[in-house]
Each structure stands twice: as structure tokens, then as C-alpha cells.
Amino acid sequence: MSTLLLVDDEPAFLRLAAAWLEKQGHRVVTAADGAQARDLFQRERPDLVLLDLVMPPERTPEAGLALVPAFAAVPVVVLTAHAEHELALRAVAEGAWDFLAKPVEPELLRFVVTRALAKRGLERELATLRAARMEEDGMVGASPAILRLKEMIRRIGPAEVPVMVLGPSGSGKELVARALHAASPRYASPFVPVHCGAIPAELLESELFGHLKGSFTGAHQDRQGLVAAAHGGTLFLDEVGEMPPAMQVKLLRFLQEGTYTPVGGRQPRMADVRVISATHRDLETMVAQGSLREDFYYRLKGLILRTPALAERREDVALLAVRFLTDASPRRLRLAPDALAWLSEQEWPGNVRELRAVVTTAAALAEGDIVTVADLAFARSGDPSALAPAPPATLAEAVAALERRMITTALASTGNNHSAAARRLGLSRVGLLKMMTRLGLRRSAP
């Protein structure tokens, strides 16, 4: 059953329209003003919004138009007695799906709602396919932190706005950028990554914007830059906090106006790219210290996504390790149960990158078809005895270690399905979640 949000300040129309739509098999929630509509949209997650443009307290079409972008994640059908052609165009420009003049003909309303919900169904199917693509691209995990991130990628991906991805080193910022690209209308065009700290400052302008023949010694022919290579797609500025100050100025015009000039050129060229940036550094502190231009920062900032450290998603360690092991070797290797538990108990300051490196190296070292704790410990430090877990000092520590191993093994064998793992362990789902929180395998709810 689809949920519709009907927004109108006329009580009689709300009652009649809601009753008629419910007879068509829909669930209808109603709001009498913009503030109430925003609240219901967040709580009810409707599949479609039917929005009157003249809303209190302003009671002007402009005020209603200003509400459209807030609901644009789903189809928005605008209802108004002001049936001017210009107003219809403005509503569509703001993101409305369709435009109906009041009084609304029931059959026309039925037709528009059916089409809009069909569109919503196709969007969900596409989101499901793209979510599967995220898994293929390495965004593995089912922890609350990673599920929230995936949902934000699904919502932000189609938007033509810059995105800044923040997070500790090794936490998968480029994977997030690639997932945003895959979830956008630009997915069929190039995704071009640029590591801002890996290219010498004197070459960065030429690498980004290209150069013309004869513009400097060694420029024997025209060469397009990475901005041109990303035409129609996404330009990913990785570790943007390493961008040299002089280059920040040159990038500013590109970010502001969407134009650039090749080295040695005079005519600006148009750039059709979406910019996604990433860094592990505290850019606001850099702005305060003067090492990063404030206007450059705010042009890049746009929407912000944060990648969680592996310590914030410990329940994903086993899933990630199994995935990395599959990728690392053509052999059908598997991790021993105590090896999975060992991985989940370790601290990973290098986050997912460090975990991948350890599992990949251990796969190369493994004798037979099982990766052991010794293989993993040696892969991490070269000294398995030094990193082997110390024997528990107390009975409570021994019990906790056993509980961690059994829970980690159950989660890994059930694909991180909490209900199935709880049944396997003879626990209730709530009991398992409480135990995971107590053992540090799951963050407690805020």
C-alpha cells in the first residue's frame, strides 16, 4: 500500500480528497500547513506528495513553491487554483513531478497519482540495483553506521550538488565517491579521481586543466586535462586538504563558474562535471589557520558525508574479511572461526584499508584452505607469537572472549542476520543485541 501526503489548508478538501484516495487503496496522511507537512514527510516517508501551493501563513504561490525542493526525494504533484502557465513551469523547475489545477477532476487525479507511483516504483527498483552495485564495488556491511551511509548515498547521489566526504584514512572515502557517481544520472560517464597531494604543485594545474602546445618546455602537443576527461561525469578530488594554496585560487573560478582555461590558453572552456572531494583533515581548522582559503572551502563543501571508522562498525569486520578473502585468492579459502573472532577483537587504526591488507597477505601465506590466527597475526606484524591474544586473566574475561567468538562466528555464518544468529545461539534477538553492545560488537543507540 502506497502512502500519500496530502497538504492543503482547506479542511473540506482534505477530508474529501483523503477519503477518495483511500478508496483507491492508498494510505493518506494530511497536513494543513508547510511546517506540519515537513514534519510528516520526515516521519511517514510517503511515496508521493500532493501539495497545495497557497499555504498559511504567507498564502502566496511563492511560499508553496519554496516547499517543493524539501519533498523532491519523491514525486510531488502541485495542486493550486492559480493555473498560470508560468507558475506551472516554475513548479516543475523546482522539482515538481506534475501540476494540477483546482478543482481537481477525480479521474485526472487518479491518472496522475498512478503515473507518479509507477515512477516511484521504478526509482526504488533502480535504487535496489544501485545498492547491489555498491556491494559489488566494495561497500560491504550491515551495521547501523554503514546502512545510514548507504541511505544517504541513495538520496544524495542523484542530486547535482557538490559533496565533501570526510573520514579517517582507510575508511573508504573513494568507495563512497564512486557509489555517489554510480547512483547519479552521470553513472555512464567517466569517474576521474585526482589525488591532490600526489601531484607536484607545479604540475597540478596542467594535470587538471590541460595545456596547449608550446605553453612550456616539453609541451610538444596539446593535452587535455583531467577536468576535460571527466566531461559529463564526476571529478573526484581526493585529499583536497593537500591542495597547494596557489592552486586553490585557480580552482576557485572553476568551482564558481564551471569554466577553466588550459595552461597557455586564453579562451575559457566550459566544464560539465560534478565535483566530489574528500579528506581526512580538519578543514575548518585549516581555514582558521589560514592554510585553506575560506571561499575555496565553502565552494567545495556542498553536502557532507562522513565515513565511519571501523571501530564504529565492528559487526562488519567479519563480513569485510570474508569479502576481502574472496577477492584475494582464486582458491576457495575460508577463515577459521577463531580467526574471525580474532579479527573482530583487534583495533584497526588503519580502518578498512588495514583490514584488507592483513587479510590479503594472510591469504597468500595460508597453507591449505583455512586462514588461521597465526596467518593473520604474521601478516600484521611478522611475529605471530607477539600478537597472539594473551590468555584471559580472569574467568569473566574468558567468558567474554568465548561470547565474542561465538557471536562473531554466528554472525559471519548467517550473513550478519541478527535474528538468524540469535536462533543459532539460543538467544532472543533483543538479547543478542544487548550482548553485542556489552561486548563492544555493536554501538549502543544514542
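Me: Got this one open. In E11, what's the bridge partner of valine 163?
Reply: That's isoleucine 276. Keep in mind that this is a predicted model.

Me: OK. How many bridges join E6 to E11, and which way do the two strands run?
Reply: There are four bridges between strand E6 (residues 163–166) and strand E11 (residues 274–279), and the two run parallel.

Me: What sheet are they part of, and in what order do the strands come?
Reply: An open sheet of five strands, with the order E7-E8-E11-E6-E12 and parallel pairing. At the edges you'll find strand E7 (191–195) and strand E12 (303–306), each of which pairs on one side only.

Me: And how much are neighbouring strands turned against each other?
Reply: By 20 degrees on average, if you ignore direction.

Me: What does helix H6 touch on that sheet?
Reply: H6 (residues 144–156) packs on the sheet with contacts to E6, E11 and E12. The direction of H6 makes about 155 degrees with that of E12. Angles over 145 count as roughly antiparallel, so that's the label for H6 and E12.

Me: Where does helix H12 lie?
Reply: H12 (residues 294–301) lies across E6, strand E8 (234–238), E11 and E12. Against E6, H12 runs at about 100 degrees.

Me: Switching topic: how do the axes of H14 and H18 cross?
Reply: At roughly 110 degrees, and the axes of H14 (residues 337–345) and H18 come within 8 Å.

Me: What does that make them relative to each other?
Reply: Roughly perpendicular, because angles of 65 to 115 degrees are counted that way.

Me: Which residues in H14 meet which in H18?
Reply: From H14 it's Pro337, Asp338, Leu340, Ala341, Ser344 and Glu345; on the H18 side, Ala401, Arg404, Arg405, Thr408, Thr409 and Ala412. Sorted by class, that contact has five nonpolar, three polar and four charged residues.

Me: Which residues line the second largest cavity?
Reply: Arg314, Glu315, Val317, Ala318, Ser344, Thr408, Leu411, Asn416 and Leu441. Helix H13 (317–328) and helix H18 (395–413) are the elements that give two or more residues to that lining. Ser344 and Thr408 line the cavity, and both also turn up in the contact of H14 with H18.

Me: And the lining by class?
Reply: Four nonpolar, three polar and two charged residues.

Definitions and conventions: Residues numbered from 1 in each chain as written. Predicted model: local features only at pLDDT ≥ 70, side-chain atom pairs only at ≥ 80, totals over all residues. Heavy atoms only, no water. 1 Å grid on protein atoms, 1.4 Å probe; cavity = no way out; pocket = protein on both sides within 12 Å on 5 of 7 lines; lining within 4 Å. Nonpolar A, V, L, I, M, F, W, Y, C, P; charged D, E, K, R; others polar. Pairing = 2+ DSSP bridges. Axes fitted to C-alpha atoms, helices over the stretch in contact; angles between N-to-C directions. Contact = heavy atoms within 4.5 Å. Parallel < 35°, antiparallel > 145°, perpendicular 65-115°, else oblique.
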